Structures are given as C-alpha cells and as structure tokens.
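Hi,

Here is the structure I promised to pass on. Have a look at it, then read my notes below.

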Amino acid sequence: MIADQIAGKIGAGEFLPGERLPSERELAEQLQVSRPSIREALIALEIGGYVEVRVGTGVFVAHPKLGRQLDEEESHAGVRTSFGDIGPFELVEARILIEPECAALAAQHASEQQLAEIAIASRSMHGSNTPGTHDRGFHVAIAEASGNAALAATVSHLWELRERSAIFSRLEQHFVTRKIWELAEIEHDRLLAAIQARDSVRARQMMASHLLGIRARLQEDFSGDAELSRIERIGA
C-alpha cells in the first residue's frame with residue numbers, strides 16, 4: 001500500500017523523472033508510517049522500475065526509458081508482487097527474538113560434533129565467493145545445536161523466507177559489501193568463541209549484537225549521510 005501511494009504520487013507528477021525523492025524520514029512523516037516500511041516500499045518501487053536507488057546520493061524518480069510503462073492496474077500488481085507479504089525488517093525482527101536464545105541454548109547443549117559443524121561453517125565463510133551460503137549454514141547449525149527441533153525448524157524457515165524475498169536481495173545488493181561480510185565474519189568468530197566456551201549469557205549477547213548490527217546496516221541512509229541516519233535511528 002505504501003509503494004502504491006508513492007507510485008501514485010509519481011504517476012500524478014508530484015515527483016518528476018530525475019527528481020530526488022524526499023528523505024525516508026520526510027516520506028514516513030508524510031504517510032504516517034515507519035521508516036523501515038518506507039525503505040521496503042522504495043526497494044519494491046526500484047524493482048518495479050519506478051525509482052532508481054543511488055546509494056550515497058539518494059532515491060530518484062526513474063526516467064520513462066528506465067521505468068516500466070504499465071497501466072494503473074498492472075503497475076499496482078507489479079509493485080505488490082515485488083513487495084511480497086513479509087518485509088525484510090520483519091524477518092530481521094523475528095530473528096532478533098529467536099536466534100539469541102538459540103545461541104544461548106547451543107552454548108549449553110551442543111555436542112562436540114555440533115560445535116565442530118558450527119566452527120566449519122564459520123571458517124568456510126572467510127574469503128568465500130559465496131559468503132551467504134556459509135552465513136546460512138552457520139546460523140542454522142547454531143539453531144540445530146540448541147537441542148530444540150522446533151527452534152531449528154523456525155530458524156530454517158526464516159532463512160527460506162529471507163532467500164525468497166526480492167526486496168531483501170536488493171537491499172543486500174545495495175548495502176552488503178565485502179567490507180560488511182568481513183565485519184560479519186568477525187562477529188561470527190566472537191559468537192563461536194562464546195558458544196565453544198559454553199558461555200550462554202555471552203553467546204546470547206553476541207548473537208543479539210550481530211543481528212542488531214545487520215538491521216542497522218540495512219537501514220543506512222541512501223543519501224550516505226551517516227550522521228542523519230544515526231540520528232533518525234535513535235529518534236525511531
């Protein structure tokens with residue numbers, strides 16, 4: 001619905017081709033919705049060809065030659081198809097609620113074999129050309145080591161939803177660079193050390209810190225104004 005509203009404003013000429021859209025904070029205030037919802041709507045619009053995201057500069061209305069020429073009914077259907085039912089930030093929030101407890105339980109209950117599997121997944125991510133595959137393997141291995149099959153199945157399902165999300169994929173393209181993967185590797189190493197030490201409190205803290213970091217990185221300001229982004233996150 002948010003994507004449709006912004007697309008409607010573009011169609012009505014409120015935002016012209018090549019024009020930079022208002023900031024996410026301004027759009028959130030205008031539409032009375034959260035900034036994460038605006039972020040997801042803008043990515044859905046980019047996938048639909050309505051806008052062009054330039055990380056470090058902002059979000060611009062696509063020129064007709066770049067955008068899709070669709071009638072009103074088709075354009076709305078295209079936006080909704082791209083957007084899907086579950087947003088990336090809802091998925092991250094679910095992971096923040098669930099995975100820290102999985103890490104704490106893994107520190108208590110993991111077998112030596114399971115500890116070895118977690119360590120292998122962590123090491124495999126270092127310098128890999130496909131870090132996302134090993135990232136999933138690391139988190140799923142921790143959930144499986146929790147000793148709770150329901151939690152393990154839940155974490156696996158959240159990762160499946162994440163990998164099917166076109167918006168999550170596009171967000172990663174914009175914000176998850178090699179430098180970010182290297183930071184994730186450091187966070188994984190700290191988490192692994194806590195689990196190996198059988199320190200459930202620290203393992204919970206390390207997982208929570210890692211996931212909160214992921215959420216913050218996906219919320220970096222499109223314009224590249226890090227200070228503005230930081231202030232807006234605090235204000236949220």
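Predicted model: local features only at pLDDT ≥ 70, side-chain atom pairs only at ≥ 80, totals over all residues.

Residues are numbered from 1 along each chain as its sequence is written, and side-chain values use heavy atoms, without hydrogens and water.

The buried residues of helix 6 are Leu 115, Ile 118, Ala 119, Ala 121, Ser 122 and Met 125. They cover an arc of only 160 degrees around the axis, so they lie on the same side of helix 6 (the arc is taken from the directions from the helix axis to the C-beta atoms). Helices here are DSSP runs of H or I, at least four residues, numbered from the N terminus. Just past helix 6, Gly 127 has a positive phi of about 70 degrees.

**Core and rings**

The largest nonpolar core has 61 residues, and Leu 42, Leu 45, Ile 142 and Leu 191 touch the most other members. Such a core joins buried Ala, Val, Leu, Ile, Met, Phe, Trp, Tyr and Cys through side-chain atoms within 4.5 Å. Helix 5 (residues 88-109) gives the largest share, 10 residues.

Arg 54 sits over the face of Phe 60, 4.0 Å from the ring centre (CZ of Arg or NZ of Lys within 6 Å of the centre and within 35 degrees of the ring normal).

Note on methods
Buried < 20%, exposed > 50% of the residue type's maximum accessible area, 1.4 Å probe, protein only. Helix = DSSP H or I, 4+ residues; strand = E, 2+ residues; numbered from the N terminus.
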